[in-house]
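User: I would like to go through a structure step by step. Could we start with the strands and then turn to the helices?

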Amino acid sequence: VSTQSTWDFQDSVEEKKMKLYYFEFNGRAEAIRLLLTHAGAKFEDVRIPFTEWPKYKEQFELKQVPVLEVDGKRYCQTYAILEYLGAKFGYLPKSHDEIYRVLYLMNTAEDVFQKAFMAASPRSPFDEKGKAELLQKLFEVEGPIYMKAIEKKLKENSTQDFMVGKSYTIVDFFLLGAFQNVMQNPEWKKLFGDRIEKKYPLLFEYATKRLKDFNLYYKKCQTKLYYFDMPGRAEMVRILLKKLNIPFEDIKFKFEDWAKEKTSGKFELQQLPVLKCEPCGIDICQTDAIMHRLGAKKGFLPMNCPEKLYKVLWWCNTLKDIMENCARFFAPIPEDKKKAMRIDFFEKTMPVLFGAMENRLKLNDTLNFLVGENYTLADFYLVGVWRGFIQSPMFPEFAAITPKYPILQAYFEMQNKLLQLLPRNHSSIHSYLKLSLIHISEPTRRYAISYAVFCLKKKKIQKTLYAMLRDQ
């Protein structure tokens, strides 16, 4: 298996004879990936962006994925592929009884997965009320029946290290793929993973133990995003990673810890955000570079259409202007000058920028996207800047401006919902700044020196915030 990361899309030097086609997330294909990985089979993991799906779809017999291609011949249907590969690599049991148990467990597990999908997936055809009713039924009635049956089969097996027999069969890969899907999705982990651990401990222990066999495989996906304990510039990167279904560890530094980390040698430019992939050694810094690297090869940066590319970059650079101006307010400059800068920016510059952006959005073919009829980097930039800066309590002036541009505001609210983004917590920054202001304005200090010392501390905080918010 290629050891490149899930966001390193360079073509492998070695030509692969086996290709697995699926979307940009684990899904149904994960069981197949795990089987091929365990078998030591070399294969090309082709992850199809949704924007490119129409051109792929027509190539496939059933217009669906996963599809496995072996020496040019294509195989479809998850169960059929697993049984084909199971026979090829020795993961099908030989006794009729064990074959029955394998298929019984796979079909029972599939029943659970389908019900969980209908009750909890954003792609479910049911509305929120309908999903809530399905979820309650799943938790109280259907789920326990299926899950107890699966755990019972595990207890009855000759060893609890495997579901059937004393070695891997296709049902192990099927269940481990599903378990990994749940545990890598924070919402699903909270909804289902914690419940499995509590109510079906033997099953949870089995899956956790067996997945350790694939530590090396999953290490290629260890993406880490480093930033401060605030939304800021990293917010658009987080949103793009989420859209790409790339699992990542969101590492947030406290302000007071950054000085030590900055000089540790881990960060090339001694600034954040930084995106790292371990153990692959890929290290990307500079916000624009990260966004372009992630977006260009996934169809979010239209390199083959100069006119469309210009429009995308216009949005990105205009939104970058907003970030740069906001960062200037934390520079170590006199308060009167800073106040004048804020007034000039929010009363003169922002109306021009917001007005131009709203006009651009009106001229687009659809109000659902900023450029064209699909996602581009422009959409992730705007939602990221809106959440990281425009909604921040550090810039309360935006609250009086955004209602004047209802189309732009409605677009953000729609995308915020479509991308399933949770409300951002700015409280750590807000309370940090507020604490400084409370002490500085306190008139009851006995000694002048304590007031002077705290002024110096405030100045240091301002310098720190300025260094964090700007991208040198």
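**Strands, helices and loops**

User: What kind of model is this?
Analyst: This is a predicted model.

User: How many bridges join strand S5 to strand S6, and do the strands run parallel or antiparallel?
Analyst: Strand S5, residues 222–228, is joined to strand S6, residues 248–253, by 6 bridges, and the two run parallel.

User: Which residue in S6 is the bridge partner of Lys224?
Analyst: The partner of Lys224 is Glu249.

User: Through which helix does the chain cross from S5 to S6?
Analyst: The chain passes through helix H10, residues 234–243, and this β-α-β crossover is right-handed.

User: Let us stay with H10. At what angle do the axes of H10 and H12 cross?
Analyst: They cross at roughly 10 degrees and come within 10 Å. H10 and H12 are therefore roughly parallel to each other, as angles under 35 degrees count as such.

User: Which residues make that contact?
Analyst: From H10 there are Met236, Val237, Leu240 and Leu241, and from H12 there are Thr287, Ile290, Met291, Leu294 and Gly295. By class, the contact of H10 with H12 has 7 nonpolar residues, 2 polar ones and no charged ones.

User: How do helix H12 and helix H15 pack?
Analyst: Helix H12, residues 287–296, and helix H15, residues 377–390, pack at an angle of about 140 degrees, with their axes 11 Å apart. That angle makes H12 oblique to H15. Their crossing is right-handed.

User: And which residues make the contact there?
Analyst: H12 contributes Asp288, Met291, His292 and Gly295, while H15 contributes Leu377, Phe380 and Tyr381. These residues divide into 4 nonpolar, 2 polar and 1 charged. Met291 and Gly295 of H12 are also among the residues in the contact with H10.

User: Changing topic: which peptide bond is cis, with omega near 10 degrees?
Analyst: That is the bond from Leu272 to Pro273. Pro273 is found in the loop between helix H11, residues 255–262, and strand S7, residues 274–278.

User: What joins Val65 and Pro66?
Analyst: A cis peptide bond joins them, with omega of about 15 degrees. Pro66 lies in the loop between helix H2, residues 53–57, and strand S3, residues 67–70.

User: Where does Lys63 lie, and what is its phi?
Analyst: Lys63 also lies in the loop between H2 and S3. Its phi is near 60 degrees, which is a positive value in a residue other than glycine.

Key: Residues are numbered from 1 along each chain as its sequence is written. This is a predicted model: local features need pLDDT of at least 70, side-chain atom pairs count only at pLDDT 80 or more; totals for chains, interfaces and linings use all residues. Side-chain values use heavy atoms; hydrogens and water are left out. Two strands pair if DSSP finds at least two bridges between them. Helices (H or I, at least four residues) and strands (E, at least two) are DSSP runs, numbered from the N terminus. A crossover is right-handed if, with the strands pointing away from the viewer, the path from the first strand over the helix to the second runs clockwise. Axes are lines fitted to C-alpha atoms, for helices over the stretch in contact, and angles run from 0 to 180 degrees between N-to-C directions. Angles under 35 degrees count as roughly parallel, over 145 as roughly antiparallel, 65 to 115 as roughly perpendicular and the rest as oblique. A crossing is left-handed if the near helix is turned anticlockwise from the far one by less than a right angle, and right-handed if clockwise. Contact means heavy atoms within 4.5 Å. Ala, Val, Leu, Ile, Met, Phe, Trp, Tyr, Cys and Pro count as nonpolar, Asp, Glu, Lys and Arg as charged, and the others, Gly among them, as polar.
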